[in-house]
Amino acid sequence: MPLRSVPPPSKTRDPAAILRTRKANLIHGPYPKGLEIVMTIARVRLLQSAALAMFLATTACGGGGGVASTPTPTPAPAPSPTPVPTPTPTPAPTPTPTPSSFDTSEYRATVGAVSANALVAYNNGGTGSGIKVGVIDSGLDIASDQFTGRVDPASANVAGGTTYDDQDGHGTAVSFTIAGVRNGTGTQGIAFDATIIMARADTPGTCANTTGPDAGCSFDDVNIAKGIDLAVNAGARVINMSLGGDPPSAALIAAVGRATARGVIIVVSAGNDGAATPDPFGAGIVNSASARNLVIIAGSVGANNSRTQGADTISTFSDRAGTGPENQFFLTAVGENVRAPCDNTSVCLWSGTSFSAPQIAGAAALLAQAFPTLTGTQIVQILLTSARDAGTTGTDSIYGRGVLDLTKAFSPLGSTSTATGAPVSDTLNGTLSAPMGDARTGTLGAIILDGFDRAFALDFARTINRTGPQRTLAGVLTGKTRTKALDRGAMSIAVTVAPFRGGGAVLTGLNLSPADAEQSRAVAGSIVSRLGSKSSIAIGFAEGGQGLTARLAGQDAPAFLVARDPLTNLGFDSRTGSSIAVREQVGRWGVTGSVESGAALVRGDQEALPGVAYRYRPFSYSRVGMTVDRRFGPLGLWLGASRLAESDTLLGAKFSAGLGAPRATSWFLDATARLDAGNGWSIGGAWRQGWTIADLRYGLDGGGTIMTNAFDADVTKLGVFGKTDRAGLRIAQPLRVSDGGLNLNLPTAWSYVGTVGVSDYTRQYFNLAPTGREVDVEFAYGWTLWGGRVESNFFYRRDPGNFAALPDDYGMALRYGVKF
């Protein structure tokens, strides 16, 4: 097809005027030291911007180099760590330098890499090593030391010339932006270990033409197509074309189709006319059926140290994404003031979409090396979906999909799971319960997979939420419940009611006023019935079987607000559904059996339904218990055993499927004693010892045994200063894990070589025993006043919620009540 030509170059310093120049050549010749010059480059296929460039008089390229007379640009600051660290990808088998070695002055001077947050890629094995990137351009400086050992021998001049040596400088600068050496001097390529396949495709003689309307390099679609075929056949994973102009020919589209059919990614410059839509060359390629969703159009944005634009702001020269289908494949990257070689021994600041395209091509190379199983389609999808949003939220007509961001591209995307397919979160995988308090484990590392089957290392220990201590008094003092009881011969009924508006059944038979009866609802209740002289039964709702057992067995323990009897509850947040207890007197012994069902209540939004926020989520449990009791004069003894089966929790804690979603079976032994010492004195105490067996699911090997205990001791006196006042003192420890945890056989290594998958498992211990130990001390005193009763409570809590680091808790409550 014929060569295109455009007017001669403009030498004005106005960037907008420069960027409208269609075709020009580099200005050659000796330059005074420190002189700033304006260069305009061919744009009928060469899109370095018709560039604004700054000559940095130096004698050698030196990795992009720099000179003392020109200050090194200040890079964008590295992103600050997030509260929950983003999981890092599993390094490829090839050894890489230690992470800290990559954050150098050379890196920080590389504006494209800094803008793209490439450091996260480097720190996790992505350098481009072993990945071939095809560059179809004006050639490569064969004398350059910036690509030593990393120029593929298949590199060639596909336009009929005798050498692929760069006569113009554009191809070398583009190649350096992709894969310039990292040597501690100047700047580096974004994928500094990648290999370049250079396909020089400029029409012979055009790059040497420096004057007239046809000045500058020109490219024929037939030769560009040859370059694509050469790169594909040489094993390129990515092809960069910093070219533009007229719509592509059928021959070129066919070559694109051959490349994409083999999964090769193609990155094309958007154009430098500041137009509302991409250049016809790139738009024609990406909108063709041959693109197969593997073509990206590259627009340009500024960097933090840009002289013309702000960070993530579209460059004035850059063509925009438009509103057509091509905007779905439009991605921006830094294309302003990019340091790269020029004129063989010099270093320039290049601007144009010619230099945003190689940033994206290099990023694709980093992903291809770090995650060898990714297809080209997946790499493109990752780059587009992980882009930083800019402009209007979502895909827009200016920035398309956004700005290149390797931090997000190297983070898990889509749903995450374990190697066995169990769903897992990279932020929250468990919520501990109160008995576990501040339990911590050093590390709990494992391999997880994202939606692209990429392997990442995750420290599960940093995704565990800990339930803080509850404000015990708040619920008691703010609750507006009333308890009503009545006897009907051998039957007694007790109901706890609370205010309720909204209709429903009217409560009757409880001696409530008509207004109270209409505006109340029952929140708990029980029925106790004697079945003869030796048998009795109790049925409850929202009341546990342990409480029913105590009632049938005649336990009369004093009530405290904070230092509660640990044997009358499960020891973690729960809600009882229904319960039943039956007692039989056998000689001097009483035997009571009880059954209850309910739900453990887990705080937070773990596993919450989409769009629905939960303060608590219920997970069912069932409990069966047996208690024997006997009185020895003033001394009463109660011995009990119970079995607690949790369907989806472990002592009220909830863990994700990634940690085996353990369910648990617990066995408890209880002992209670109370002595009526005479003269109104009562002394009592209780002890609970528990053993919990964890059952792991979702294919995770392991398990564990957890030991728990709880106790209380109290002394009370009725008639301290009068006949009706009562004083009491109690010390109690709520249920606490004393020892134990989970032994988990977690995947800790992943291989991309040979058989892809988990290559090693490591047995790791997940400690569930807290450092803190809550101990509650409470003094209670009550007396009658004006037909009612005054109750005062003073309490002290050490290590609230079993958290050693929390300050001790203390307070008081004063209540006055009158019967109604």
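**View 1. Polar contact between the side chain of Ser356 and the backbone of Thr353.** In this predicted model, a polar atom of the Ser356 side chain lies 3.1 Å from the backbone oxygen of Thr353. A polar contact is a pair of N or O atoms within 3.5 Å; within protein, one must be able to donate a hydrogen and the other to accept it, and residues adjacent in sequence count only if both atoms are side-chain atoms. Ser356 belongs to the loop between β10 (346-350) and α9 (357-370); helices (H or I, at least four residues) and strands (E, at least two) are DSSP runs, numbered from the N terminus. Ser356 counts as buried because its relative accessibility is 0%, where buried means under 20% relative accessible area, exposed over 50% and partly exposed in between (1.4 Å probe, protein chains only). Leaving aside residues up to four places away in sequence, Ser356 touches Ala298, Gly299, Ser300, Ala333, Val334 and Gly335; contact means heavy atoms within 4.5 Å.

Residues are numbered from 1 along each chain as its sequence is written, and side-chain values use heavy atoms, without hydrogens or water. As the model is predicted, local features need pLDDT of at least 70 and side-chain atom pairs count only at pLDDT 80 or more, whereas totals for chains, interfaces and linings use all residues.

**View 2. Helix α14 and the glycine that follows.** Helix α14 (residues 545-552) is mostly covered, with six of its eight residues buried. These buried residues are Gly545, Gln546, Leu548, Thr549, Ala550 and Leu552. Gly554, which follows α14, has a positive phi near 80°.

**View 3. Positive phi at Asn679 and Asp799.** Neither residue is a glycine: phi is near 55° at Asn679 and about 50° at Asp799. Asn679 is found in the loop between β26 (663-678) and β27 (681-695), and counts as exposed at 69% relative accessibility. Asp799 is found in the loop between β32 and β33, and counts as buried at 13%.

**View 4. A nonpolar surface patch.** Leu729, Ile731, Val777, Phe779, Phe794, Tyr796, Tyr810, Met812 and Leu814 make a nonpolar patch of about 860 Å². Two or more residues come from each of β29 (726-751), β31 (775-785), β32 (788-798) and β33 (809-817); β33 gives the most, with three residues. Val777, in strand β31, is partly exposed, with a relative accessible area of 30%. Patch residues have over 30% relative accessible area and no salt bridge; like charges are joined within 9 Å, and nonpolar side chains (Val, Leu, Ile, Met, Phe, Trp, Tyr) within 5 Å. A salt bridge is a side-chain nitrogen of Lys or Arg within 4 Å of a carboxyl oxygen of Asp or Glu. Accessible areas come from the Shrake-Rupley method with a 1.4 Å probe; for residues, only the protein chains shown count as cover.
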